[in-house]
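Look over the sequence and the structure before reading on.

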Amino acid sequence: MTAGIIATKYSQGKAVRRLFAKHGARWLLALVLTLLAGAQVMGMLPALLTDRIDLFFYDMRMRIAKVETDPRIVIVDIDEKSIAEIGRWPWSRDVVAELIGKMADGYEAQTIAFDVLFAEPDNSSGYATLENLAQGELKSLPQFGRQLQALRPKLDFDARMATAIRGRPVVMGYNLSNEPDAIAKGRLPRPVFTTADLGGRRLDVTHWKAYGANLPQLQDAAGAGGFFNPLLDSDGLIRKVPLIAQVGDNFYESLALSAARMALGAKRMKPIFLQQDAVLSEQQLRDYGALESIALDTRPRPTFIPVERHLTTLVTYRGRGGVHGGAFRYVSAVDILKGRIPKNDLAGRILLVGTTVPGLYDLRATPVSPNYPGVEIHANIIASILDGDFKQRPEFAVGFDLVQIVAIGLVLGLLLPLLGPLWAIVLSSAAAFGIGAFNFWLYDSAGLVLPMATALLLIAALFICNLGWGYLFEYRNRRAIVNLFGEYVAPELVAEMAANPTHYNMEGESRELTVMFSDVRGFTTISEGLPPNELREYINAYLTAMSEDIRGNRGTLDKYIGDAVMAFWGAPVALPDHAARAVATALKMQQTVVTLNQDFLKRNWPPLKIGIGLNTGAMRVGDMGSKIRRAYTVMGDAVNLSSRLESITKVYGVGVLVGQATRAAAPQFAYRELDSVRVKGKNEPVPIFEPLGLEAELTPMQREQLDKWHAALALVRRQQWDQAEQAILALQQEQPHGLYELYLQRIAYFRAHPLPADWDGVTTFETK
């Protein structure tokens, strides 16, 4: 019995050792990844990427939320319709006073909040000018001064607006600033509390040094006031807004908080600090300055508003914002002034006065829209306060994140090495879905904004590393290279690549390469004159010879297209002299054709003639195609030009044509410039050249003829037809060539059909 137990334990230990021998490295890698994730959560590593991903998921949760119109809050829009009927903004204060009276008395609004600043006096009535006259040039006319005083209630528009505000539930908005050149202007409302009220405690709050507030007489007449400054996240979007801000020794409430407090009938508010416990001492609480919430003295019970760092709250955006966003009703300000809206539509509502006109600069970038009305941001916060529905990043967020990371590291880190690819995908996907679903459920049901980016990245990292391990360390890399590239490149290149398999792959990349297209001239006639078996032998002999020339000079054979051959140089093995190798190969192929024709004539086969186009440039190279079939090939504009050059070799009676880039990249060869052409599919003209051989191997006679031709071509471009014709006729007599015949025909045509004055010397080809 004892021996059996020992044998069983030995067998189990041996199985465990085998598992560690096989998967220990992957388990160690999983442990390292989990520790790195934990360090990132604890703030020991940069969190820019994970923060951005968490913000993305936070935004997405709001975008997919169901939108319902909140009937309690209405936005009075200073829109284009209102400006068209009343005049450009800012309106005179008597118009604003009338609007306030309509909202407060005519429509019996519960609260009126202005997301608009009235910082400058309104002199549109001319009262200030008349008052200066009464105190200056017309001081000697006391009746003028008395009459002016009698007219003051009508002409002092600021006083009229102050009278309209006084005694009504109006909240005035203002702006805080920390700009270096900012100054304090206007009058702030009464602070909600001061540093003296805190009993020595410190608040973690945003500090501001200046403000742009409303005229004193307007703010003094109002029941309350609030700032409308948001805070920008690192990506420039508004996701949070401070509810309380500090200016000097005083603390002030935001416009949304002030409007909600007035609507709820609260007179005062006070900060609720975290309660002292065994973890934090009284001194630590004083230094930490952490608030748990803000309490409003509403009845029958206080209203508590939870806050985050810097006394901010997350904005719960309802809908995409704007007139058609669906979350809040918009009414035109002019419709209120004209009494066009039924009273019951606005009675008892909170009215927020703002604008959606782009030129008035109150459109903000938010997670749900890049042009979100600023006034609606306040509406969302007010709705959250009224409902007690806030989204919060809880204090335990870091601990929660650590727990889910440890769980993921244990489960996936242990199981993924034991599973095949399919089950690894299933398990990883299930883990990611579970994390996301649980996070969204907590957001929707409990209002908790919890991180999940690090957890999702850990899942992805564990999956990718386990999958990559199997391919990178267990697969036969050298054999893979041979299988991938053996049919494209010469055996010696495959051997070179197999020696360093990690340096080569079939992934797409951009490189400068030289590409070749070669085609048989008159192949249709040839195929019609040969029996099928002989035609097969004919084309096989030709393709074999051409392929050997290409691969023999380190070229990559791309494909056969019927009787055409496509190849390129410079990939997968980088070749600094790819252009020179391509030109040398093209000339070698022309020599091979001569040798082939000798054999073909002996067999009574028609002679072979080919045209070759070469071009150098940046192109995309890699494994391309469909799910059904793929190939290692090149694509790009430079490739298309090479094909066009091959097709026009027959026009110029030459065997090889190259583009300007190839000529520049292979200067060791001598070239004959043939023309400047505009091929189909390109707007820019391209100089084309015929390579003649190595520059050093040209005979004196060849150099002389080349110089004479270039001189004749220059005469053609200058439209000196007689001199050009004489020069080309002389060349034709020395050594006949189809090129000379072509230009003699062109000269005759140009004489009969005079060229336009702006002729650029370019030949345009309308076909491929």
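## Pocket

On a 1 Å grid over the protein atoms alone, a pocket is an open set of points with protein on both sides within 12 Å along at least five of seven lines, and lining residues have an atom within 4 Å of a point. The model is predicted: local features need pLDDT of at least 70, side-chain atom pairs count only at pLDDT 80 or more, and totals for chains, interfaces and linings use all residues. Residues are numbered from 1 along each chain as its sequence is written, and side-chain values use heavy atoms, with hydrogens and water left out.

The second largest pocket is lined by 24 residues; W89, V116, L117, F118 and L360 are those nearest its centre. Its volume, the space filled by probe spheres set on grid points joined across faces, edges and corners, is about 600 Å³. The lining has 13 nonpolar residues, five polar and six charged. Here Ala, Val, Leu, Ile, Met, Phe, Trp, Tyr, Cys and Pro count as nonpolar, Asp, Glu, Lys and Arg as charged, and the others, Gly among them, as polar.

## Cavity

A cavity is a set of grid points where a 1.4 Å probe fits but cannot get out. The model has one cavity of 30 Å³ or more, and the largest cavity holds about 70 Å³ of space.

The largest cavity is lined by D115, F228, N229, P230, V241, D362, R364, G374, I377 and H378. Four of these lining residues are nonpolar, three polar and three charged. Helix α12 (residues 374-387) gives the largest share of the lining, three residues. Helices are DSSP runs (H or I, at least four residues), numbered from the N terminus.

## Helices α13 and α14

The axes of α13 (residues 397-415) and α14 (residues 421-446) come within 11 Å and cross at roughly 165°. Axes are lines fitted to C-alpha atoms over the stretch in contact, and angles run from 0 to 180 degrees between N-to-C directions. The two helices are therefore roughly antiparallel, a term for angles over 145 degrees.

F400, Q404, I408, L412 and L415 of α13 meet L427, A431, I435, F438 and L442 of α14, where contact means heavy atoms within 4.5 Å. Nine of the contact residues are nonpolar, one is polar and none is charged.

## Helices α24 and α26

Helix α24 (residues 700-717) packs against helix α26 (residues 738-752) at an angle of about 20°, with the axes 12 Å apart. These helices are therefore roughly parallel, the term for angles under 35 degrees.

W709, L713 and V716 of α24 make the contact with L739, Y740, Y743 and I747 of α26. The contact has seven nonpolar residues, no polar and no charged ones.

Key
Angles under 35 degrees count as roughly parallel, over 145 as roughly antiparallel, 65 to 115 as roughly perpendicular and the rest as oblique.
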